[in-house]
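Subject: Structure handover

Hello,

Here is the structure I said I would pass on to you. Please open it beside this email and find each residue as you read.

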Amino acid sequence: TGVQTCAFRSVISVLLGGASILALSFLGFDAISTLSEEAIDPKKNIPRAIIIACIGSGVTFMIVTYFMQAAWPNAWFEVKNPDGGSFEFITKVAGSFMAYIFTAVFTVGAIASSISAVASASRILYSMGRDNILPKKIFGYLHPKYQTPTFNIIIVGALSFFAIIISLTTRSEERRVGKER
(Lines give C-alpha, C1' and ligand atoms only; values in the text may rest on other atoms or scores of the structure.)
Protein backbone atom coordinates (compact mmCIF):
# COMPACT_ATOMS: atom_id res chain seq x y z
CA THR A 1 0.00 0.00 0.00
CA GLY A 2 2.99 2.32 0.51
CA VAL A 3 3.86 2.14 -3.20
CA GLN A 4 0.22 2.73 -4.17
CA THR A 5 0.02 5.76 -1.86
CA CYS A 6 3.22 7.20 -3.37
CA ALA A 7 1.94 6.59 -6.91
CA PHE A 8 -1.43 8.16 -6.03
CA ARG A 9 0.30 11.25 -4.60
CA SER A 10 2.44 11.50 -7.72
CA VAL A 11 -0.61 11.33 -10.00
CA ILE A 12 -2.49 13.89 -7.88
CA SER A 13 0.56 16.18 -7.93
CA VAL A 14 0.79 15.99 -11.72
CA LEU A 15 -2.98 16.57 -12.13
CA LEU A 16 -2.98 19.56 -9.79
CA GLY A 17 0.09 20.99 -11.53
CA GLY A 18 -1.63 20.61 -14.89
CA ALA A 19 -4.83 22.17 -13.56
CA SER A 20 -2.93 25.19 -12.25
CA ILE A 21 -1.18 25.65 -15.61
CA LEU A 22 -4.53 25.37 -17.35
CA ALA A 23 -6.09 27.98 -15.06
CA LEU A 24 -3.18 30.37 -15.50
CA SER A 25 -3.26 29.89 -19.28
CA PHE A 26 -6.79 31.27 -19.41
CA LEU A 27 -6.00 34.37 -17.36
CA GLY A 28 -6.25 37.49 -19.44
CA PHE A 29 -9.25 36.80 -21.64
CA ASP A 30 -11.36 38.77 -19.21
CA ALA A 31 -9.34 41.88 -20.10
CA ILE A 32 -11.57 42.10 -23.16
CA SER A 33 -14.36 43.47 -20.98
CA THR A 34 -12.22 46.41 -19.81
CA LEU A 35 -12.30 47.83 -23.33
CA SER A 36 -16.08 47.57 -23.71
CA GLU A 37 -16.45 51.34 -23.85
CA GLU A 38 -14.32 51.31 -27.01
CA ALA A 39 -16.28 48.55 -28.76
CA ILE A 40 -19.01 48.89 -31.34
CA ASP A 41 -22.21 47.32 -29.98
CA PRO A 42 -20.55 46.07 -26.77
CA LYS A 43 -23.57 44.12 -25.48
CA LYS A 44 -23.31 41.85 -28.50
CA ASN A 45 -19.60 41.92 -29.33
CA ILE A 46 -17.92 41.70 -25.90
CA PRO A 47 -19.53 38.37 -24.85
CA ARG A 48 -18.85 37.02 -28.33
CA ALA A 49 -15.20 38.11 -28.11
CA ILE A 50 -14.78 36.47 -24.69
CA ILE A 51 -16.27 33.17 -25.88
CA ILE A 52 -14.17 33.21 -29.07
CA ALA A 53 -11.03 33.97 -27.03
CA CYS A 54 -11.73 31.11 -24.58
CA ILE A 55 -12.54 28.56 -27.28
CA GLY A 56 -9.68 29.70 -29.51
CA SER A 57 -7.20 29.58 -26.65
CA GLY A 58 -8.41 26.18 -25.48
CA VAL A 59 -8.17 24.65 -28.97
CA THR A 60 -4.73 26.21 -29.49
CA PHE A 61 -3.48 24.88 -26.13
CA MET A 62 -4.73 21.38 -26.95
CA ILE A 63 -3.13 21.34 -30.41
CA VAL A 64 0.20 22.71 -29.18
CA THR A 65 0.25 20.29 -26.24
CA TYR A 66 -0.51 17.34 -28.51
CA PHE A 67 2.30 18.16 -30.93
CA MET A 68 4.75 18.95 -28.15
CA GLN A 69 4.01 15.62 -26.48
CA ALA A 70 4.32 13.79 -29.81
CA ALA A 71 7.64 15.51 -30.61
CA TRP A 72 9.30 14.91 -27.22
CA PRO A 73 7.32 12.41 -25.10
CA ASN A 74 9.80 12.37 -22.19
CA ALA A 75 10.25 16.14 -21.97
CA TRP A 76 8.51 16.22 -18.59
CA PHE A 77 11.39 14.23 -17.10
CA GLU A 78 14.28 15.45 -19.27
CA VAL A 79 13.94 19.24 -19.30
CA LYS A 80 16.89 20.66 -17.39
CA ASN A 81 15.49 24.14 -16.68
CA PRO A 82 11.69 24.41 -16.32
CA ASP A 83 11.83 28.22 -16.65
CA GLY A 84 13.48 27.89 -20.06
CA GLY A 85 11.66 24.71 -21.04
CA SER A 86 10.11 26.17 -24.18
CA PHE A 87 13.48 27.29 -25.52
CA GLU A 88 15.02 23.94 -24.61
CA PHE A 89 12.14 22.13 -26.31
CA ILE A 90 12.43 24.09 -29.56
CA THR A 91 16.23 23.65 -29.58
CA LYS A 92 15.94 19.88 -29.14
CA VAL A 93 13.11 19.36 -31.62
CA ALA A 94 13.85 21.93 -34.34
CA GLY A 95 17.44 23.11 -33.83
CA SER A 96 19.12 26.25 -32.57
CA PHE A 97 18.15 28.45 -35.55
CA MET A 98 14.46 27.77 -34.90
CA ALA A 99 15.04 28.51 -31.22
CA TYR A 100 16.19 32.02 -32.15
CA ILE A 101 13.09 32.51 -34.30
CA PHE A 102 10.97 31.22 -31.40
CA THR A 103 12.65 33.72 -29.06
CA ALA A 104 11.92 36.59 -31.46
CA VAL A 105 8.26 35.56 -31.84
CA PHE A 106 7.96 35.08 -28.06
CA THR A 107 9.39 38.57 -27.50
CA VAL A 108 6.88 40.13 -29.91
CA GLY A 109 4.08 38.24 -28.14
CA ALA A 110 5.26 39.39 -24.72
CA ILE A 111 5.36 43.01 -25.90
CA ALA A 112 1.85 42.72 -27.39
CA SER A 113 0.60 41.18 -24.15
CA SER A 114 2.19 44.01 -22.17
CA ILE A 115 0.50 46.62 -24.35
CA SER A 116 -2.83 44.88 -23.81
CA ALA A 117 -2.29 44.79 -20.05
CA VAL A 118 -1.40 48.49 -19.94
CA ALA A 119 -4.48 49.36 -22.00
CA SER A 120 -6.73 47.32 -19.71
CA ALA A 121 -5.27 48.62 -16.46
CA SER A 122 -5.30 52.23 -17.62
CA ARG A 123 -8.95 51.93 -18.67
CA ILE A 124 -9.89 50.44 -15.29
CA LEU A 125 -8.12 53.32 -13.52
CA TYR A 126 -9.89 55.77 -15.85
CA SER A 127 -13.28 54.28 -14.98
CA MET A 128 -12.49 54.55 -11.29
CA GLY A 129 -11.39 58.17 -11.73
CA ARG A 130 -14.45 59.05 -13.82
CA ASP A 131 -16.67 57.60 -11.05
CA ASN A 132 -14.76 59.57 -8.36
CA ILE A 133 -13.43 56.44 -6.67
CA LEU A 134 -9.93 57.75 -7.41
CA PRO A 135 -9.08 61.47 -7.81
CA LYS A 136 -10.88 62.55 -10.99
CA LYS A 137 -8.36 65.24 -11.94
CA ILE A 138 -5.62 62.63 -12.49
CA PHE A 139 -7.37 59.31 -13.08
CA GLY A 140 -10.44 60.66 -14.90
CA TYR A 141 -8.43 62.68 -17.41
CA LEU A 142 -8.63 61.91 -21.14
CA HIS A 143 -6.27 63.39 -23.69
CA PRO A 144 -8.30 66.00 -25.61
CA LYS A 145 -7.20 64.86 -29.07
CA TYR A 146 -6.71 61.07 -28.71
CA GLN A 147 -9.29 60.37 -25.98
CA THR A 148 -6.85 58.11 -24.11
CA PRO A 149 -6.27 58.09 -20.33
CA THR A 150 -2.78 59.58 -20.65
CA PHE A 151 -1.92 59.89 -16.95
CA ASN A 152 -3.12 56.35 -16.26
CA ILE A 153 -0.94 54.97 -19.06
CA ILE A 154 2.06 56.77 -17.56
CA ILE A 155 1.23 55.49 -14.05
CA VAL A 156 0.77 51.88 -15.19
CA GLY A 157 3.92 52.11 -17.32
CA ALA A 158 5.93 53.41 -14.34
CA LEU A 159 4.62 50.65 -12.08
CA SER A 160 5.42 48.08 -14.77
CA PHE A 161 8.95 49.44 -15.10
CA PHE A 162 9.33 49.23 -11.33
CA ALA A 163 8.21 45.59 -11.50
CA ILE A 164 10.99 44.88 -14.00
CA ILE A 165 13.60 46.33 -11.66
CA ILE A 166 12.45 44.55 -8.50
CA SER A 167 11.53 40.91 -9.01
CA LEU A 168 8.59 39.24 -7.32
CA THR A 169 10.98 36.86 -5.54
CA THR A 170 12.89 39.79 -4.05
CA ARG A 171 9.71 41.46 -2.83
CA SER A 172 8.34 38.26 -1.31
CA GLU A 173 11.64 37.66 0.49
CA GLU A 174 11.59 41.22 1.85
CA ARG A 175 8.06 40.72 3.16
CA ARG A 176 8.95 37.37 4.74
CA VAL A 177 12.07 38.78 6.43
CA GLY A 178 10.08 41.83 7.59
CA LYS A 179 7.50 39.58 9.30
CA GLU A 180 10.20 37.59 11.11
CA ARG A 181 11.64 40.67 12.82
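What follows is a list of what was found, going from the whole chain to single residues.

The model is predicted, so please read every value below as computed from that prediction.

**The chain as a whole**

There are eight helices and zero strands in the chain. Read from the N terminus, the order of elements is α-α-α-α-α-α-α-α. The chain has 181 residues, and buried residues make up 12% of them. Among contacts with a separation of 6 or more, 34% are between residues 24 or more positions apart.

**The largest pocket**

The volume of the largest pocket is about 1,400 Å³. Its lining consists of 31 residues, and those nearest the centre are Ile21, Val64, Thr65, Met68 and Ser86. Two or more lining residues come from each of these elements: α1 (2-25), α2, α3, α4 and α5.

**Aromatic pairs**

A pair of aromatic rings is described with two values, the distance of the centres and the angle of the planes. How many aromatic pairs does a search of the whole structure find? The search finds four. Two of them are described here.

Another pair is Trp72 with Phe89. The ring centres of Trp72 and Phe89 are 6.1 Å apart and the planes are at 20°, so this pair is stacked. Trp72 is in the loop between α2 (42-71) and α3 (75-78), while Phe89 is in helix α4 (residues 85-94), so the pair ties together parts that lie 17 residues apart in sequence. Trp72 and Phe89 are both buried.

Arg123 sits in helix α5 (residues 96-130). Is Arg123 buried or exposed? Its relative accessibility is 10%, and the cut-off for buried is under 20%, so Arg123 counts as buried.

Which side chain makes a polar contact with the side chain of Arg123? That is Glu38, and the contact is 2.9 Å. Arg123 also lies over the face of Tyr126, 5.7 Å from the ring centre. If neighbours within four places in sequence are left aside, Arg123 is in contact with Thr34, Leu35, Glu38, Leu142, Gln147, Thr148 and Pro149.

**Two residues with positive phi**

Gln147, one of the contacts of Arg123, has a phi near 55°, which is a positive value in a residue other than glycine. Gln147 is in the loop between α6 (136-139) and α7 (150-165). With a relative accessibility of 43%, Gln147 counts as partly exposed.

Asp41 is also a residue other than glycine with a positive phi, near 50°. Where is Asp41 placed? It is in the loop between α1 and α2. Asp41 counts as partly exposed, at 39% relative accessibility.

**Two pairs set apart in sequence**

The last two items give distances from C-alpha to C-alpha.

Ala94 and Ala71 are separated by 23 residues in sequence, and their C-alpha atoms are 9.7 Å apart in space. Ala94 belongs to helix α4. Its relative accessible area is 44%, so Ala94 is partly exposed.

Ile154 and Ser122 are separated by 32 residues in sequence, with 8.6 Å between their C-alpha atoms. Ile154 is part of helix α7. At 54% relative accessibility, Ile154 counts as exposed, because the cut-off for exposed is over 50%.

**Where to start**

- Arg123 in helix α5, then its polar contact with Glu38.
- The face of Tyr126, with Arg123 over it.
- The stacked rings of Trp72 and Phe89, both of them buried.
- The largest pocket, with residues including Ile21 and Ser86 nearest its centre.

Regards

Notes:
Residues are numbered from 1 along each chain as its sequence is written. This is a predicted model: local features need pLDDT of at least 70, side-chain atom pairs count only at pLDDT 80 or more; totals for chains, interfaces and linings use all residues. Side-chain values use heavy atoms; hydrogens and water are left out. Helices (H or I, at least four residues) and strands (E, at least two) are DSSP runs, numbered from the N terminus. Buried means under 20% relative accessible area, exposed over 50%, partly exposed in between (1.4 Å probe, protein chains only). A polar contact is a pair of N or O atoms within 3.5 Å; within protein, one must be able to donate a hydrogen and the other to accept it, and residues adjacent in sequence count only if both atoms are side-chain atoms. Contact means heavy atoms within 4.5 Å. Rings of Phe, Tyr and Trp (its six-membered ring) pair if their centres lie within 6.5 Å; planes under 30 degrees apart count as stacked, over 60 as edge-to-face and the rest as tilted. A charge sits over a ring if NZ of Lys or CZ of Arg is within 6 Å of the ring centre and within 35 degrees of the ring normal. On a 1 Å grid over the protein atoms alone, a cavity is a set of points where a 1.4 Å probe fits but cannot get out, and a pocket is an open set with protein on both sides within 12 Å along at least five of seven lines; lining residues have an atom within 4 Å of a point. Grid points are joined across faces, edges and corners, and a volume is the space filled by probe spheres set on the points.
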